[in-house]
Amino acid sequence: MGLIDWFRSLVGRLRRKDTPSGVIEKEFGAHPAASRDMADNAALWYAMYTNHPPWATCDVRPLGLPGAIGRELSRHALTEFCITVSGSARAEYIDRQVQRAARSFREDLELGLCLGGVALKPYPQDGQLLVESYTGGFTPTRFDGTGRAVGGVFRSEPVRQGNEWYIKLEYHDFLLQEDGTTAYVVENKAYRSSREGLVGAQVPLESVEAWADLSEREVIEGLTGPLFAYFKPPVSNDIEPSSPVGVSVYAGATAELIRQADEQWQQLRREYRTGKRRMLFNGSVMDHDQVDDEFFEYGDFTGDANFFQFINPELRDDQFYNGFQRILQRIEFNVGLAFGTFSDPQAVEKTATEQIMTKHRQYVTEDAIQKAFQVALEDLVYALDALCDLARLAPAGAYQVDCICGDGVLDDPETRRQDMALDMQRVAAGLMRPVDFVMKWDKVDEKTARKLLPDMEDLTDEPEEEIE
């Protein structure tokens, strides 16, 4: 039985709170982009991420590898990542909203990598634009030719009013109008629910105080992109190659390897547990209350009242440990992490060239993640700019998005220190501008670098004299 079939057979297991496809089709006339098979896989990834995989038992305790994979990839990808929006008063307003949202980017990216995608949807509140992230609460319904999600349904968290619970579904998409033009449509519908977020009978939107001010349907002209951003991991979909839906970084064979790692670790623990030294003796030899049950076992083993026997089993931990390390290394290879991230760095001897190669593999992985996340952030800035117009939050103005990414995976601390010292000498000798030094080592743009150097903030570069 395959892993997905096994998961389906376990009735009552933890699942993501996805919006049922039948509800989406009935209420909005749209179809979820994910097939039943993709939805089952997404449920498996969620169960693994929350440390409740289908193979978890009293004996097999999960190691938490799925969450650790997401944390490592997101941590390295965003360690030196910086985004700024500049160019006008509107841009400065948007930048403040982005910097506030950036506090949770690492967690958002972790969820997106582990669960196959994450949506970032801004909304106005008290003169600000806040950004909410959705994983299982977002169901994509349509992708454009570039693989970008342009339509979907957002499911809110259950809201309690009195003794009743309610939930809201928010539908976004570009629709063809009767005159042949395309407009962006947003629909809001409220439903009775439960504490768990089940979708029940529809109720008037204004009957729920939290959503009474919302419009049931808005038609917006002039938009070229959705009012949300969607990130999906830069991983090929080997479950349904023709599907634009994102997959987890530990999808497919890697999920099976994670199961093997959990079970192999349990085998190692069992070897230690059953390999303890023991002293067997008949119950009449000594007082039971004066012995350590961890070491002594008493009973009627023979007819000899004075019987005792010392047992010292030979541990086979090396074999189990080495097998466990091989599985961890295969997981690291599959998800694009360097050897030694989870596995024992001493388990495999590597030359300096091999160490660079394994780091370079992770660098390529992180570079792809950074670029995919940057595209999502650019879509988020577009949505923020559009909402500024719709909610009249900031004066019109152009903006420019700058994303700075680092390559910290390849950085050697000693080499980095030496390079910085060399650049400091160049600055002192007048061979390098201080502003260039700050831009390089603080990973900021020139405008920010000048602000960090007060004496240069109001200076402009003088043109060099022409040499005759």
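Me: Which residues of α4 meet which residues of α6?
Reply: On the α4 side they are P66, G67, G70, R71, L73, S74, R75, A77 and L78, and these meet F105, R106, L109, E110, L113 and C114 in α6. Contact here means heavy atoms within 4.5 Å. Helices (H or I, at least four residues) and strands (E, at least two) are DSSP runs, numbered from the N terminus.

Me: Before we continue, what kind of model is this, and what conventions apply?
Reply: It is a predicted model, in which local features need pLDDT of at least 70 and side-chain atom pairs count only at pLDDT 80 or more, while totals for chains, interfaces and linings use all residues. Residues are numbered from 1 along each chain as its sequence is written, and side-chain values use heavy atoms, with hydrogens and water left out.

Me: Back to the helices. At what angle do α4 and α6 cross?
Reply: The axes of α4 (residues 65–78) and α6 cross at roughly 130° and come within 8 Å. Axes are lines fitted to C-alpha atoms, for helices over the stretch in contact, and angles run from 0 to 180 degrees between N-to-C directions. The two helices α4 and α6 are therefore oblique to each other; angles under 35 degrees count as roughly parallel, over 145 as roughly antiparallel, 65 to 115 as roughly perpendicular and the rest as oblique.

Me: And is the crossing left-handed or right-handed?
Reply: α4 passes α6 in a right-handed crossing. A crossing is left-handed if the near helix is turned anticlockwise from the far one by less than a right angle, and right-handed if clockwise.

Me: E110 was in your list. Is it buried or exposed?
Reply: E110 is buried, at a relative accessible area of 10%. Buried means under 20% relative accessible area, exposed over 50%, and partly exposed in between (1.4 Å probe, protein chains only). E110 lies in α6, residues 105–115. Beyond its neighbours within four places in sequence, E110 is in contact with Y49, G67, G70, R71 and S74.

Me: How do α7 and α8 pack?
Reply: The angle between α7 (residues 253–274) and α8 (residues 317–335) is about 160°, with their axes 9 Å apart. That makes α7 roughly antiparallel to α8. The crossing of α7 past α8 is left-handed. Residues making the contact include L257, W265 and Y272 of α7 and F320, F324 and I331 of α8.

Me: Changing topic: how many salt bridges are there?
Reply: A search of the whole structure finds 20 salt bridges, a salt bridge being a side-chain nitrogen of Lys or Arg within 4 Å of a carboxyl oxygen of Asp or Glu. One of them joins the side chains of K121 and E170, at 3.4 Å from N to O. This pair links distant parts of the chain, with K121 in strand β2 and E170 in strand β7 (residues 164–176), 49 residues apart.

Me: Are K121 and E170 buried or exposed?
Reply: K121 counts as buried at 6% relative accessibility, and E170 counts as buried at 10%.

Me: What about K371 and D367?
Reply: Their side chains meet in a salt bridge at 3.2 Å, N to O. K371 and D367 are separated by about one helical turn because they are four residues apart in α9 (residues 352–391). K371 is exposed, with a relative accessible area of 51%, whereas D367 is partly exposed at 23%.

Me: Which residue does E446 bridge to?
Reply: E446 forms a salt bridge with R450, the closest N and O atoms being 3.1 Å apart. Both lie in α12 (residues 446–452), four residues apart, about one turn of the helix. E446 counts as partly exposed at 30% relative accessibility, and R450 is buried at 10%.

Me: Now β2. Which strands does it pair with?
Reply: β2 (residues 118–125) pairs with β11 (residues 229–231) in the antiparallel sense over three bridges. Seven bridges join β2 to β3 (residues 128–134), and these two strands run antiparallel. Two strands pair if DSSP finds at least two bridges between them.

Me: Where do individual residues sit in those pairings?
Reply: The bridge partner of V118 in β11 is F231, and Q125 stands opposite Q128 in β3. The hairpin of β2 and β3 has two residues between the strands, and D126 there takes a positive phi near 55°.

Me: Last one: what does Y382 touch?
Reply: Not counting residues up to four places away in sequence, Y382 touches G222, L223, T224, G225, P226 and Y399. Y382 is found in α9. Y382 and L223 are 159 residues apart in sequence and 9.6 Å apart in space, C-alpha to C-alpha.
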